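Here's a quick briefing to read alongside the structure. Keep the viewer open and follow along topic by topic.

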Amino acid sequence: MSIEIRSADSFPSNAVGSISNLAARVYGPDVLLPLSTLEMWHARAKRIFWTAWSDCNLIGYLTVLPLSDAGFAKTLRDDFDEKQLFPIEIVAYSREAPNHLFFSSIVVDPSSHGAANISRLLRRQFAHDILAMITDGFSFDRISAEALNERGAAMVESLGMDYLLDTRAGSKIFCGPLSSEALLRSVEKLDAKIRG
Ligand SMILES: CC(C)(COP(=O)(O)OP(=O)(O)OC[C@H]1O[C@@H](n2cnc3c(N)ncnc32)[C@H](O)[C@@H]1OP(=O)(O)O)[C@@H](O)C(=O)NCCC(=O)NCCS
């Protein structure tokens with residue numbers, strides 16, 4: 001299978017519907033976000049979707065949101081619910097102050113789970129791109145995530161996040177630094193796994 005990984009800055013803006021369709025194939029109604037929420041997020045901060053494509057079909061994606069201080073603080077609470085993030089809490093990447101990121105989702109088409117390193121390639125591209133932004137003068141503080149299952153936890157641990165707390169809804173909150181050192185470690189480990 002030939003796979004093309006696209007950075008968030010080359011996401012085709014007419015493909016938010018494809019993200020929503022792929023999400024609907026793996027997430028139940030309790031956690032599935034409406035297309036209108038994804039569209040609102042994308043309108044607020046363009047660079048949020050890293051994507052994997054095969055023959056022009058979307059086969060995987062990773063969503064990361066830059067958040068305001070208040071939005072990021074919400075993600076670290078045991079009552080966190082990403083559906084409750086306010087539009088104003090999704091912010092564009094800024095050079096003026098350290099950026100805080102929330103790792104919202106990673107999905108691989110069910111027919112390709114475990115195959116072709118798709119989630120590893122997505123995670124590596126994300127870490128690589130944040131490193132490039134640091135070189136380009138952006139600064140980053142921390143990244144958090146809500147892991148819904150063991151695979152989700154493995155995904156965010158590979159990006160240097162550690163378990164922080166259980167939510168009342170039964171998911172697990174993870175958090176970690178976004179330093180160049182931490183990102184380089186993640187890229188090296190993912191590279192080693194991709195090479196096999
Ligand atoms: C999460 C997901 C993207 C991973 O896809 P994938 O990497 O193609 O393939 P797998 O599902 O086989 O997962 C393999 C990875 O999970 C880890 N893993 C698999 N089963 C695991 C388990 N039971 N416990 C802990 N880790 C596990 C493996 O160590 C491997 O990690 P690595 O790539 O860092 O070495 C995919 O399973 C998916 O789309 N799931 C549905 C959506 C979802 O639940 N997303 C996470 C929500 S927080």
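H5 gives the shell around the ligand its largest share, five residues. Keep in mind that this is a predicted model.

**Around the ligand**

- There are 19 residues around the ligand, and those that come nearest are Gly114, Ser119, Glu150, Gly152 and Ala154.
- Sorted by class, the shell has nine nonpolar residues, six polar ones and four charged ones.

**The sheet**

- Seven strands make up an open sheet with mixed pairing, in the order S1-S2-S3-S4-S5-S7-S6.
- At the edges sit strand S1 (4-6) and strand S6 (162-166), each of which pairs on one side only.
- On average, neighbouring strands of this sheet are turned by 20° against each other, if you ignore direction.

**S3 and its two partners**

- On one side, strand S3 (residues 57-67) pairs with strand S2 (residues 49-54) in the antiparallel sense, over six bridges.
- S2 and S3 form a hairpin, with two residues between them. Have a look at Asp55 in the turn, which has a positive phi of about 50°.
- S3 is also joined to S4, by eight bridges, and these two strands run antiparallel. Pro66, for one, has Leu101 in S4 as its bridge partner.
- S3 is mostly covered, with ten of its eleven residues buried.

**Helix H1**

- Which residues of H1 are buried? They include Val16, Ile19 and Leu22.
- Look down the axis of H1 and the buried residues fall within an arc of 125°, so they line one face of the helix.
- The face turned away from that buried side carries Gly17, Asn21 and Arg25, which are exposed.
- As for what the buried residues of H1 pack against, that's H2, S2, S3 and S4.

**Helix H2**

- Leu38, Trp41 and His42 are the buried residues of helix H2 (residues 35-44).
- Why do they sit on the same side of H2? Because they cover an arc of only 95° around the axis.
- Ser36 and Ala43, on the other side of H2, are exposed.
- Helix H1 (16-26) and S3 are included in what covers the buried residues of H2.

**Tyr93 in its loop**

- You'll find Tyr93 in the loop between helix H3 (69-75) and S4.
- Is Tyr93 buried, exposed or partly exposed? It counts as partly exposed, because it has 17 C-beta neighbours inside 10 Å.
- Leaving out residues up to four places away in sequence, Tyr93 touches Arg47, Pro66, Asn99 and Phe138. Pro66 is the residue whose bridge partner in S4 is Leu101.
- Tyr93 and Leu67 are 26 residues apart in sequence, with their C-alpha atoms 8.7 Å apart in space.

Terms used
Residues are numbered from 1 along each chain as its sequence is written. This is a predicted model: local features need pLDDT of at least 70, side-chain atom pairs count only at pLDDT 80 or more; totals for chains, interfaces and linings use all residues. A residue is near a molecule or strand if its C-beta atom, placed from the backbone, lies within 6 Å of it. Helices (H or I, at least four residues) and strands (E, at least two) are DSSP runs, numbered from the N terminus. Ala, Val, Leu, Ile, Met, Phe, Trp, Tyr, Cys and Pro count as nonpolar, Asp, Glu, Lys and Arg as charged, and the others, Gly among them, as polar. Two strands pair if DSSP finds at least two bridges between them. Axes are lines fitted to C-alpha atoms, for helices over the stretch in contact, and angles run from 0 to 180 degrees between N-to-C directions. A residue is buried if 20 or more other C-beta atoms lie within 10 Å of its own, exposed if 12 or fewer, and partly exposed in between; C-beta atoms are placed from the backbone. The arc is that of the directions from the helix axis to the C-beta atoms. Two residues are in contact if their C-beta atoms, placed from the backbone, lie within 7 Å.
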